[in-house]
There are 2 protein chains.
Amino acid sequence: MGSLELWEQKLKDKGIRWTKQRRMIIRVLLASTRPLSAQDIFAKLQRDYPKLRLSTVYRNLNSFKDGKIVRSLNLTGNEQKFELIDGNHHHHLICIECDDIIPLDCPLKDFENKLKDDTGYTILDHRMKIYGLCPNCKNY
Amino acid sequence: MGSLELWEQKLKDKGIRWTKQRRMIIRVLLASTRPLSAQDIFAKLQRDYPKLRLSTVYRNLNSFKDGKIVRSLNLTGNEQKFELIDGNHHHHLICIECDDIIPLDCPLKDFENKLKDDTGYTILDHRMKIYGLCPNCKNY
DNA sequence: CTTAATGCAAACGGTTTGCAGCCCT
DNA sequence: AGGGCTGCAAACCGTTTGCATTAAG
């Protein structure tokens, strides 16, 4: 069973219908090594399917978010970027010149435990972004 | 020398003029224990100075950002929040129910050093946000 | 067949911009 | 006095919404 079918099942399990548009969006996210904006996804699909609307992309990404199928991130600028939730918790290292993005393992488990004790908060989630210059961009 | 004068000097040192509007904005930021949106700042000032425009607030916050006087954060929703840069590097713990915000010490120095070695990146900055439920909100 | 999802157009909210006049330095 | 800063209005851009139609289950 290919991984597209895996995601189809995940959606169906949550009662989210498996439409052509949703299949296309998942396919684009699967094919990408980095988080994508709604506009990125729309741009990639528009040529093959001109009737697709940006609002459909947004609506679906939001359904996916509600169903914990994707997660949204504010990496650069004001726009949200989306990535599939594959169970592998990680963060991002972003080159501020070329926008390259490297996924990073999470170093925060111990910190979160300590935080829970110190503050009395129930810790639910966190986001971390590291900004820098990649080896290419720093040499010029 | 009160701390408002301190910020006045910082701005003047960078060639940013010390106008009435800027003084008001800095004052509001100084008085707040948590990051504020442009709209928050605007709302607090509008009553005393009805001629103030939201665009002026934005323009100034952006000048301040360029001059490394303030930093902007995406803590909740789509809007940016701003805080003065007082040299004390920290992060935020945010209650997703009541929007309470607690500043946190940064646990990432060692991680950044390791990252530099592992990836070849020059590390410039980072952002971390922890989401949870504060002691009040979790009991209901 | 029923109801959720889509296409389409229009609105929305945060943020930016162009321009004439104002006021820091 | 000169050039940056402001008030004001309008544009901009990412995102959401209302509604009639289409398609998934």
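Entry 1, cysteines. I count a disulfide wherever two cysteine sulfur atoms lie within 2.5 Å of each other. I keep in mind throughout that this is a predicted model. I then looked at C137(A), which is in no disulfide, although the sulfur of C134(A), the nearest cysteine sulfur to its own, is 3.6 Å away.

For a second case I turned to chain B, where I asked which cysteine sulfur is closest to that of C106(B). The closest one belongs to C106(A) in the other chain, and because the two sulfurs are 13 Å apart, they are too far from each other for a bond. C106(B) is also counted as buried, its relative accessibility being 14%.

I list five helices and five strands for chain A, and reading from the N terminus I get the order α-α-α-α-β-β-β-β-α-β. The C-alpha trace of chain A spans about 50 × 45 × 30 Å along its principal axes. Of the 140 residues in chain A, 44% are buried. When I took the contacts in chain A with a separation of 6 or more, 47% of them were between residues 24 or more positions apart.

How do helix α2 (residues 20–31) and helix α3 (residues 38–46) of chain A cross? Their axes come within 10 Å and cross at roughly 110°, and since angles of 65 to 115 degrees are classed that way, I describe α2(A) and α3(A) as roughly perpendicular to each other. The crossing of α2(A) past α3(A) is right-handed. On the α2(A) side the contact is made by M24(A), I25(A), V28(A) and L29(A), and on the α3(A) side by I41(A), K44(A) and L45(A). Sorted by class, the residues in this contact of α2(A) with α3(A) are six nonpolar, no polar and one charged.

I repeated the look-up for helix α2 (residues 20–31) and helix α3 (residues 38–46) of chain B, whose axes come within 10 Å and cross at roughly 110°. I therefore note α2(B) and α3(B) as roughly perpendicular to each other, and the crossing of α2(B) past α3(B) as right-handed. M24(B), I25(B), V28(B) and L29(B) of α2(B) make the contact with I41(B), K44(B) and L45(B) of α3(B). By class I have six nonpolar, no polar and one charged residues in the contact of α2(B) with α3(B).

I placed D105(A) in strand β4 (residues 101–105) of chain A. Is D105(A) buried or exposed? D105(A) is exposed, because its relative accessible area of 63% is over the 50% limit. Leaving aside neighbours within four places in sequence, I find D105(A) in contact with H91(A) and with F111(B). Finally, I checked D105(A) against G132(A): the two are 27 residues apart in sequence, and their C-alpha atoms are 17 Å apart in space.

How values were computed: Residues numbered from 1 in each chain as written. Chains lettered and ligands numbered in written order. Predicted model: local features only at pLDDT ≥ 70, side-chain atom pairs only at ≥ 80, totals over all residues. Heavy atoms only, no water. Buried < 20%, exposed > 50% of the residue type's maximum accessible area, 1.4 Å probe, protein only. Axes fitted to C-alpha atoms, helices over the stretch in contact; angles between N-to-C directions. Helix = DSSP H or I, 4+ residues; strand = E, 2+ residues; numbered from the N terminus. Parallel < 35°, antiparallel > 145°, perpendicular 65-115°, else oblique. Left-handed = near helix turned anticlockwise from the far one by under 90°. Contact = heavy atoms within 4.5 Å. Nonpolar A, V, L, I, M, F, W, Y, C, P; charged D, E, K, R; others polar.
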